Each structure stands twice: as structure tokens, then as C-alpha cells.
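The stops below go from the whole chain to single residues.

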Amino acid sequence: MPFYFLMIIQRIVKFFISFWTFIFVTIRGSRKKLIQFQSVKYYNCPLQPISIHRLHFLPKKILVLDLDETLIHSHHDGFSRNIATKPSGPPDFIVRVEIERHPVRFFVYKRPHVDYFLEAVSKWYELVIFTASMEIYGSAVTDKLDNNRNMLSRRYFRQHCTLEYGAYSKDLSVINKDLSQIFILDNSPIAYRCCPLNAIPIKSWFFDPTDTCLLSLLPFLDALRFCHDVRSVLAMNLHLHQNQMITSTNSLTTQVIPFSTQ
Ligand SMILES: [Mg+2]
């Protein structure tokens, strides 16, 4: 009889553990989804007349944007990167391209808040996409991100990069000779090693639905358009690049994988 009683107690305890585990997992999943799709607004404070006057005498600067692990993350059929966790849920869009006569599907996930980010910065800067990926892939992804808004019409691809020591770097003077008016947002310090004074580092994004890196940059980018030479401000980031050059192995592998477009 006591043994039978213990069995019942054990089953009741197991049931409650399973029940609370289920509730906890469900709530955590819902919270992530809520964070991912919540509507976030960047308070757009109207400019003072003196600021409008100042902008009038400054040329519109160029913001160069990387794609992979900066604005999006993707993987394709039969290939998965060695990362701890893949994005959950369906991709934001699928890109179908032909590489070496093989049809390949890319499953593309947009970094949280990327649409809002592009909408905001396109009002402040001329946007240019510069990716070390192949044109056929980079162009298709950019078309989807642009979504007929004509914000991302200027594009540079792998053929515009410089190949050094097995990795691609992006020479911004290919886009604009005046380096005081151009800067790049890129997750890979190797990509901008030839112009570190013109770079804003950003953490590589793979799957985190709670990521807010793009939103966090908006106040800084809002202010940067008022300076005469971006290097006078961005030079203060130099110590960040040096640290990342040592630790950023993800970025390096992103750029040297053969056959991949990334
Ligand atoms: Mg990248």
C-alpha cells in the first residue's frame, strides 16, 4: 500500500513539473515573438532652424551598408553554418538563384527592425549596399530589402572588393574619393581594414529575435550627419576594431567560404 501511494505521489510530481515546463517554454516563446514584432518608434524630433541651416551647407553623406550578419542572415539548401542556434520560424523571404548551373534557394532572415532602420537612415544619408557576396545573391536580397522604395539602388558586390590574404575587404574610395563624407556599417572588421576611420562596427547577427543594435544606432547616425568629416568622430571607435580583429572569427569564415555566395 505505501509503495502504491508513493507511485501516485511520483506521478503527480512529474505531471506538475511537465505542466510548468510547458507553461514556461510557451511564455518564453511568446515573449520572443512579441519582442520581434513589436512596433518600435524612434522619436523624430523636429530640427531647429539653426540645424536646418547647418545641414543646408553640408553635402549629404554616404552610408555604406553590409548585408550578411549586418542587415540579414541567410543559409541555403544543404548548407548550414557552424553556429550554435539557427533562426527559429520561417524565413522572411526566400531567394532563388543559379550558381554554377545549380539552382540554390537562400532562406533569408531580416535583422530585427531593419525595415524601420532603412526607412529612417534613408532620410539622412545616401545609402549604398556593399557586400562581399556574389552579385546574383546580393542583388536579389537587396531587391527584397528595398521593396520598391528606391532606397538601395546603388550596389557594390564581390567583384568590387579587394582580395587580400584570403579575405575580401571593401575600399570605400571605390564609391567616393572624398573619405570625409562616407562611412560603412559592417559586422566584419576585416571588411573595412583599409579604412578603419570610416567604419561603425556592429555585432554579427544570426538569430537573436531580441536584437536592437540597429535601433540603438539611430540617435548616433542622426547626429553624425552634422559633422564636417566623419573620421573626426569615428576615429574614436578605433580601439573597438582592434579588439574585434582579434576575436571576430565568424566574420572571417563568412567571407572565405568557397562556392557559397557569402
Ligand atoms: Mg557581413
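The protein has eight helices and ten strands, where helices (H or I, at least four residues) and strands (E, at least two) are DSSP runs numbered from the N terminus. This is a predicted model, in which local features need pLDDT of at least 70 and side-chain atom pairs count only at pLDDT 80 or more, while totals for chains, interfaces and linings use all residues. Residues are numbered from 1 along each chain as its sequence is written.

Among contacts between residues at least 6 apart in sequence, 69% join residues at least 24 apart, a contact being two C-beta atoms, placed from the backbone, within 7 Å.

Next, select strands E6, E5, E1, E9 and E10, which in that order form an open sheet with parallel pairing; two strands pair if DSSP finds at least two bridges between them. Strand E6 (154-156) and E10 stand at the edges with a single partner strand each, so one side of each has no neighbour in the sheet. Neighbouring strands of this sheet are turned against each other by 25 degrees on average, direction ignored. At one end of the order, three bridges join E5 to E6, and phenylalanine 130 stands opposite tyrosine 156 in E6.

Five of its five residues are buried, so E9 is largely enclosed by the rest of the structure. Ile182, Ile184 and Asp186 point one way from this strand, and Phe183 and Leu185 point the other way. E9 pairs with E1 in the parallel sense over four bridges, with leucine 185 as the bridge partner of leucine 65. Three bridges also join E9 to E10, again running parallel, and here aspartate 186 stands opposite proline 201.

Then select H3 and helix H5 (residues 213-224), whose axes come within 9 Å and cross at roughly 10 degrees; axes are lines fitted to C-alpha atoms, for helices over the stretch in contact, and angles run from 0 to 180 degrees between N-to-C directions. That makes H3 roughly parallel to H5, a term for angles under 35 degrees. Here Val114, Phe117, Ala120 and Val121 in H3 meet Leu214, Leu215, Leu218 and Leu221 in H5.

Finish with two loop residues. Asparagine 148, in the loop between H4 and E6, has a phi near 60 degrees, a positive value in a residue other than glycine, and counts as exposed with 6 C-beta neighbours inside 10 Å. Tyrosine 165, in the loop between strand E7 (162-164) and strand E8 (167-169), has a positive phi of about 50 degrees and counts as exposed with 9 C-beta neighbours inside 10 Å.

Methods
Buried ≥ 20, exposed ≤ 12 C-beta atoms within 10 Å, placed from the backbone. Parallel < 35°, antiparallel > 145°, perpendicular 65-115°, else oblique.
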